[in-house]
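Reader: Hi! I'm new to this one, could you walk me through it?
Author: Happy to, let's bring it up first.

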Amino acid sequence: MRYDPTFYGGAAVHYRYGRPPYSPGLEALLVEELGLDGCGRFLDVGCGPGILTVRLAHLFEASVGLDPDPAMIAEGRRAAEEQEVASISWVLARAEELPGAAPGPYRLVAFGQSFYWTDEIAVAEAVYDMVEPGGALALIGHRAEGRAQPPSPGPPRIPHDEIRELVQSYLGSTRRAGQGVAPVQALSLRDALASTRFGAPRVIFSPGISNHLEDIEGVLSNYFSMSFAAPHLFGDRLEDFAEEARELLRERSPEGVFWDWPGDTEVMLVRK
Ligand SMILES: C[S@@+](CC[C@H](N)C(=O)[O-])C[C@H]1O[C@@H](n2cnc3c(N)ncnc32)[C@H](O)[C@@H]1O
């Protein structure tokens with residue numbers, strides 16, 4: 001897929017605040033599956049604002065966060081500084097520039113909701129040559145479909161259908177991405193991996209957070225952090241959209257608190 005630097009235009013500052021976190025059990029799952037012991041190197045491809053880079057850095061000697069969006073990398077650096085994590089280097093590049101942009105070897109190369117943005121098969125093949133023997137590639141994301149949804153801890157669920165409708169009333173019904181429309185995926189992530197030297201992945205789940213709450217600005221940031229509703233797409237109607245969304249959300253929850261269920265955290269794992 002051709003990279004467009006505006007895919008996440010204006011989204012970076014909303015990302016950490018708006019996106020629900022991955023499962024609290026993610027570290028334990030990776031330690032158990034991969035025998036992580038603080039040694040080796042970690043590469044986080046399409047790291048965005050360093051969600052996984054910063055969170056997993058303590059499981060490795062050194063880590064690299066790689067992303068082509070300078071605003072995302074700036075957010076990652078900021079988070080690492082705030083959390084006093086000094087073992088990360090940041091690389092401004094596309095996955096397709098691997099291995100040159102961030103040469104191996106790595107014990108783990110992860111893609112957190114980012115593999116589908118890349119030329120999947122070519123990138124996975126490049127990664128195969130970059131991981132050490134026994135090393136792994138992991139695709140990490142949220143999976144709600146087919147997973148048991150927990151009950152709400154009380155507040156109403158984010159009215160996603162209504163907000164998506166509002167987004168469409170501003171941006172049209174075709175899902176946008178950068179200056180164009182969102183790409184159609186030819187292969188599932190599983191099939192893409194299965195067609196590489198890594199072979200078919202093992203799919204493992206770690207329970208998602210069942211009581212994740214967002215306030216109204218958090219819900220807005222959640223949408224602004226996504227490519228199909230990134231701030232740049234709204235142009236000079238951004239504030240109109242934000243106000244309409246706030247009004248809708250105030251109607252649905254006068255207390256201004258919402259529950260979100262991102263799903264369980266799915267890890268698709270392949271080993272070399
Ligand atoms: C949904 S965000 C994921 C951020 C983070 N990894 C996470 O787990 O939340 C997708 C990221 O992929 C990046 N991206 C888009 N195209 C890419 C490419 N060709 N190579 C590497 N990263 C890319 C975007 O800039 C964005 O930061």
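Author: The ligand sits in the second largest pocket, where "sits" asks that more than half of its atoms lie within 2 Å of the pocket's grid points. This is a predicted model, where local features need pLDDT of at least 70, side-chain atom pairs count only at pLDDT 80 or more, and totals for linings use all residues. Residues are numbered from 1 along each chain as its sequence is written, and side-chain values use heavy atoms, without hydrogens and water.

Reader: Which residues are the closest to the ligand?
Author: Tyr15, Tyr22, Gly46, Asp67 and Ala95 are the closest of the 21 residues that surround the ligand, each with a heavy atom within 4 Å.

Reader: What lies 2.6 Å from an oxygen atom of the ligand?
Author: A polar side-chain atom of tyrosine 22 does. A polar contact is a pair of N or O atoms within 3.5 Å. On the backbone side, a polar atom of alanine 95 is 2.8 Å from a nitrogen atom of the ligand, and a backbone N or O atom of glycine 112 also lies 2.8 Å from a ligand nitrogen.

Reader: And how much of the ligand does the protein bury?
Author: The protein buries 99% of the 600 Å² that the ligand exposes when taken alone, by the Shrake-Rupley method with a 1.4 Å probe.

Reader: Back to that pocket, how much space lies in it?
Author: The second largest pocket holds about 620 Å³. A pocket here is an open set of points on a 1 Å grid over the protein atoms alone, where a 1.4 Å probe fits, with protein on both sides within 12 Å along at least five of seven lines; lining residues have an atom within 4 Å of a point. The volume is the space filled by probe spheres set on the points, which are joined across faces, edges and corners.

Reader: Which element gives the most to its lining?
Author: H3 does, with 4 residues. Helices (H or I, at least four residues) and strands (E, at least two) are DSSP runs, numbered from the N terminus.

Reader: Changing topic, what volume does the largest pocket have?
Author: The largest pocket has about 1500 Å³. Of its 46 lining residues, Gln113, Tyr116, His142, Arg175 and Met226 are the closest to its centre.

Conventions
Polar contact = N/O pair within 3.5 Å; in protein donor to acceptor, adjacent residues only side chain to side chain.
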